[in-house]
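Here is a short report for a first look at this structure. Start with the place where the chains meet, then move on to single residues.

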Amino acid sequence: MVPGLAYFLVFQYGALIVNVVAFKDYVPFAGLWGSPWTGLGNFQQLFQDSAFWHAAFNTAWIALLQLVFYFPVPLALALLLHSLTWSTVRRFVQSVVYLPHFISWVIVVAMFQQVLGGTGMLNGYLGDAGLHTVDIIGNPDAFKPLLIAQVIWKDTGWGTIIFLAALSQVDEQQYEAAAIDGAGPWRRFWHVTLPAIRPVVVLLLIMRLGDILSVGFEQMLLQRDAVGPQAAEVIDTFVYYKGIVGGDYGLAVAAGLFKGVVGAVLVYTANKIAHRLGEQGVYR
Amino acid sequence: MSRMSRRTLLRSLAATGAAASVPGLLSACTSSSAAGGNVSNAGKKLAPWPTYHAASGPAPDLAPTGAGVQAGFTSYPSHLVGSVSHTPGDGSTIKVMSVTFGTPPKPEAGNQYWKAVEKALGVKIEYTVIPTDDYQTKMATVMAGDPGSLPDVINMFSGFVLPREAQFVQVRAQDLTPYLSGAAVADYPNLAGIPTQAWQDMGRIGGRIHGIPLERPIPGSTLWLNQGDFTAAGMHDGWTAQDFTAVARKATHGKKYALGSAKGSDFNNNVHSAAHNAPQGWAVDGKGAFHPGYTDERFKAAVAYQAQLRKAGYYHPDSTSLSTADAYTLLLNGTIGSLQNGFGNYTALYPDSKGLLTPAPALPYAVDGTPGGVVAARRSFGYTILKKAPKERIQLLLRVLDYLAAPFGTKEYELTHFGVEGVHFTRGTDGSPQTTELGQVENITNLPFRYLAEGPQVLFVPGFPEATRTLHAWQQKVVPVAIRDASFGLQSATFNAQGTTLKADMDDTITSVIAGRASLSALDGAISKWRSGGGDRMAEEYAKEHAANT
């Protein structure tokens, strides 16, 4: 208990104190308390900075795309896997689809680059065949769909775990009863499966909302140079470039704090809505 | 102790065993130094530069010129002199850190080169090497870190703009003025042999000397060519921008691209803006006013020209995301026909390209009838600072650096630059060191002592006398047209605090425009943002410094 408590106190709550940097012109050599206070100056500068709003817009846009296009995919795959009756095949497929999750982003991005890049496999074939090459990597317009494709490829399998666990809890007798009453596969899904796993889906959705502005730091950082900050800057990379690289720690922490507040508001709101709809939510 | 780190907090927590002490602990941890920092030299008493005293050495085959063409050696000196009489060290361990352009060195335990240098220096050396592509982030964390854990010797590489660099040096590094200023440098004869121009371009901070510069010749960012490819495509002396375009078109076919660049170089914007005669960074006019290169029409013309080259497909498609090392490999394997790199890259480029291609530095093309310029380097590639320490320790570290700064033609230089005879090199028929197989792994490129301290540079590539002649002849043509950044050696508080982010925003826009992701007019918006965000203040501060220093 004590190590766990110490962990939370030091690395979670203790670290919160350092957020005062957001209200200072923080210089590492002058120290946390030696740096002058600037009041809301950092926030003022932040909200006047078009680059920040670009980053915020990109973040929100990518988050929305992920929610719409990525979030349902693991659920669909879980349902598909669940419907497989031959357990050997099911377990084999399950193991295979988990694997990409354990590949680091560096490798995943490099693989996409090797296949779809300007000098990659696809353009190599097209070029050799005398056809027009396609500009996918390095094309800012294609960047966001590319991101979603990468996330789907990498994390769909991993995302099925909790859904599968929820699905395994569904009482088989309900399916039998429904089938005897003449319900087809679609009705069985709609009236048996979905109500049974709905609390889990809602729980995951709320937890995802709290984290929604973290749209993949590494993934962006690795590909930002190829398409430029206009397309690829998100709040996390903005914080990194302004703070760690640029040395403007106060501004970076202000941006980070902004992100944290938005996340907290989203969780609170989503939880409230879940209660209204009669769900448990994350907390009461 | 001026900074609250999580580690300190954790230690204190473990000691007290209670979280209740956190607020008290934090308030107890106050700082003595002010945040603003006063890096300006204006209105300060300026410490005299170290008195220059050239080290005696062998006479070069190709003479240096007063204008700044380097001395050239087509063969290795037959008689080496010794420049250090006593072992500098006392057997203690020193931690050092610098940038590297090589591959990670073999660990000390199995590295005979490392051990040989340690023995000659009389110290144990723990070396942290930072690849260029990681330099900015690594240094950011080092600078923000605990002062107690700083290495003893750090080289501040000038190739990047580090946030609040001057302020960091002023607060954290040893003031070396008492040891090096004026006649005091005579205790370290090899450091006294570093030309004054290098000290000047390193610059003072608050009137004091905090570092030791790594001297560099005048040529800076250089467009290195695959000579065969470019000559075959029609490159000739006195070429124009139209010729350059035509050559690039001819040299691009299939999977070969005439032009390549590494990320962060804005598609080699330095060489192109210099060819367009745009000021490199800052220009100073006769009245002492400072003008940024960004607002110059010729700079915009260069960006527009590069955007055309890019649009036509002459650049390698990954030119915005390649690391310098990867781009260099592409140059060597013939995928790209040219690459902007430092002039000093020649020492690696000639040996590396042996049997693959003949490298050559490009002459600038003319634009609208005006002969082009080239980039003048800061005469200091970086400077070495020392962690604060007692007098004896500082003197020891300076003796070590003095050894490493031994000039060409000395026994010390031979050891640090070529390793141990019979192990890392053998003598060629002309007496020049020829690298053995082991020497290709264990050497000064992978264990970069040359980035801690170095004597004045000469043109010499072992086994490549023709390279020396080519480069010497090239320098005679380009040194007169080299465009120098007028801000070299001057301090600006605004640049110190915001220079990094201001430059990053400009680089992002320049890259976007050339890559075709933004229109040329986006440049105007970025420039006015740059000016109001600090560019105009920098101009004023530089002008003030300039007036005070001259």
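## Where chain B meets chain A

Seven residue pairs are in polar contact between chain B and chain A, with both residues at pLDDT 80 or more. The model is a predicted one. On the side of chain B that touches chain A, at least two residues each come from α1 (6-16), α2 (22-28), α4 (132-144), α5 (165-172) and α18 (493-514) of chain B. By class, that side has 18 nonpolar, eleven polar and eleven charged residues.

Six salt bridges are counted between the two chains. One of them pairs B:Asp508 with A:Arg224; the closest N and O atoms are 3.4 Å apart.

## Extent of the interface

In contact are 40 residues of chain B and 39 residues of chain A. Interface size is often given as the accessible area lost when the parts come together. Between chain B and chain A, about 3200 Å² is buried. Carbon and sulfur atoms give 60% of that area.

## An annotated domain in chain A

UniProt, in an unreviewed entry, places "domain: ABC transmembrane type-1" at residues 56-270 of chain A. Over residues 56-270, chain A is 80% helix and 0% strand. The end C-alpha atoms are 20 Å apart.

## Two asparagines with positive phi

Most residues other than glycine have a negative phi. B:Asn268 has a positive phi of about 65°. B:Asn268 sits in the loop between α10 (241-250) and α11 (269-275) of chain B. B:Asn268 counts as buried because its relative accessibility is 2%, under the 20% cut-off.

B:Asn277 also has a positive phi, near 65°. Its place is the loop between α11 and β6 (282-284) of chain B.

Definitions and conventions: Residues are numbered from 1 along each chain as its sequence is written. Chains are lettered from A and ligands numbered from 1 in the order in which they are written. This is a predicted model: local features need pLDDT of at least 70, side-chain atom pairs count only at pLDDT 80 or more; totals for chains, interfaces and linings use all residues. Side-chain values use heavy atoms; hydrogens and water are left out. Helices (H or I, at least four residues) and strands (E, at least two) are DSSP runs, numbered from the N terminus. Buried means under 20% relative accessible area, exposed over 50%, partly exposed in between (1.4 Å probe, protein chains only). UniProt positions are given in the numbering used here, feature names are shortened, and annotations may be inferred rather than shown by experiment. Contact means heavy atoms within 4.5 Å. Buried area is the accessible area (1.4 Å probe) that two parts lose on being put together, summed over both. A salt bridge is a side-chain nitrogen of Lys or Arg within 4 Å of a carboxyl oxygen of Asp or Glu. A polar contact is a pair of N or O atoms within 3.5 Å; within protein, one must be able to donate a hydrogen and the other to accept it, and residues adjacent in sequence count only if both atoms are side-chain atoms. Ala, Val, Leu, Ile, Met, Phe, Trp, Tyr, Cys and Pro count as nonpolar, Asp, Glu, Lys and Arg as charged, and the others, Gly among them, as polar.
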